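Please read the following report alongside the sequence and the coordinates.

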Number of protein chains: 2
Amino acid sequence: MFAGTVSLTLDAKGRLAIPARHRDALASVAGDAPLVLTAHPQRCLLLYPLAAWEPIRDKILQAPSFDARSQSLKRVLVGSQQIIDALDSAGRLLVTPELREHANLEKTVLMVGMGSHFEIWSEAGWKRQNDLALEALQGDTPPGFEDISL
Amino acid sequence: MFAGTVSLTLDAKGRLAIPARHRDALASVAGDAPLVLTAHPQRCLLLYPLAAWEPIRDKILQAPSFDARSQSLKRVLVGSQQIIDALDSAGRLLVTPELREHANLEKTVLMVGMGSHFEIWSEAGWKRQNDLALEALQGDTPPGFEDISL
DNA sequence: CTTAAAGTGGGGAAATGTGGTTAAAAAGTG
DNA sequence: CACTTTTTAACCACATTTCCCCACTTTAAG
């Protein structure tokens, strides 16, 4: 179970050092198996253990090809995926320029544990998400939250 | 049952000393089990015994991933959670810089018992919250308060 | 007033993160 | 096809941070 938000920095080569805490969590789920880094339409990146990503990817690929919206989601989610065979000896992974650009990643990025996977956000993007979450409490209860009491 | 508001101070390292009274209350509910500290969209933090948080977290994770509002709530509530395995030998917990920033915590913070959990607020945030509660009495009775007589 | 418990702050060791350097591979060119 | 040049990936060493524990100060209770 991946959880928690950490602020990290991309170095000059575009490498992202995964904190030891999250590295251990990844290792306990994925072992030495590869990871998948892909783009999310909301301008963040998704980091999955390959085994967890495959069934999701397969479902996505089965979505109808002749619905424009389905097809473009498919393109972003599946088309952008990068396989990470292993982290380097210092526990870092390389984020390709294309993915960095997609998520507007600069020096400081946020790594967010979401249970089955991690999300990687730019500072500005994550700030926007927090604002959206606040707005989501106005008006109707969003779907899925009707029975939840904090 | 957690109750009452206490004013506390974060030390220079971002550590929060839980008062002995609340520490005992936590221990009687959670025992030696871990605690969970997470962010609330309204810019406070939530402190739950892990056992009480898990069912809530699981419900949240089941909310739809392709509804923007649900997804951003999910991101904040689940993505921000930090597991506190144990308090240090002086009964303190470390609030990560990310969570401190989220709730705008400075030196003085307020710890508010809310039955099943505690909320942690900045002074300014708590003041704002009290103002909002006053406004909530204008106009219609808020949902859930129709049958309550004080 | 004495004693014990709780709160506060600081110091040090170990683990973690950062940047640079070297070696290998791939791509491009004559 | 061979050689050169550029890019990519792995490794190593230093700097930094984090966490844990100890000691002091303060507050409350007997």
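Is B:R43 buried, exposed or partly exposed? B:R43 is partly exposed, because 18 other C-beta atoms lie within 10 Å (buried means 20 or more such atoms within 10 Å, exposed 12 or fewer, and partly exposed in between, with C-beta atoms placed from the backbone).

## Basis of the model

This is a predicted model, in which local features need pLDDT of at least 70 and side-chain atom pairs count only at pLDDT 80 or more, while totals for chains, interfaces and linings use all residues. Residues are numbered from 1 along each chain as its sequence is written, and chains are lettered from A and ligands numbered from 1 in the order in which they are written.

## Arginine 43 in chains A and B

B:R43 lies in the loop between β3 (35-40) and β4 (44-49) of chain B (strands are DSSP runs of E of at least two residues, and helices runs of H or I of at least four, numbered from the N terminus). Its phi is near 70 degrees, a positive value in a residue other than glycine.

In chain A, A:R43 sits in the loop between β3 (35-40) and β4 (44-49), and phi of A:R43 is likewise positive, near 70 degrees. A:R43 counts as partly exposed because it has 16 C-beta neighbours inside 10 Å.

## Contact between the chains

The contact takes 23 residues from chain A and 24 from chain B (C-beta atoms, placed from the backbone, within 7 Å). On the side of chain B that touches chain A, α3(B) gives the most, with 8 residues.

Conventions. Contact = placed C-beta atoms within 7 Å.
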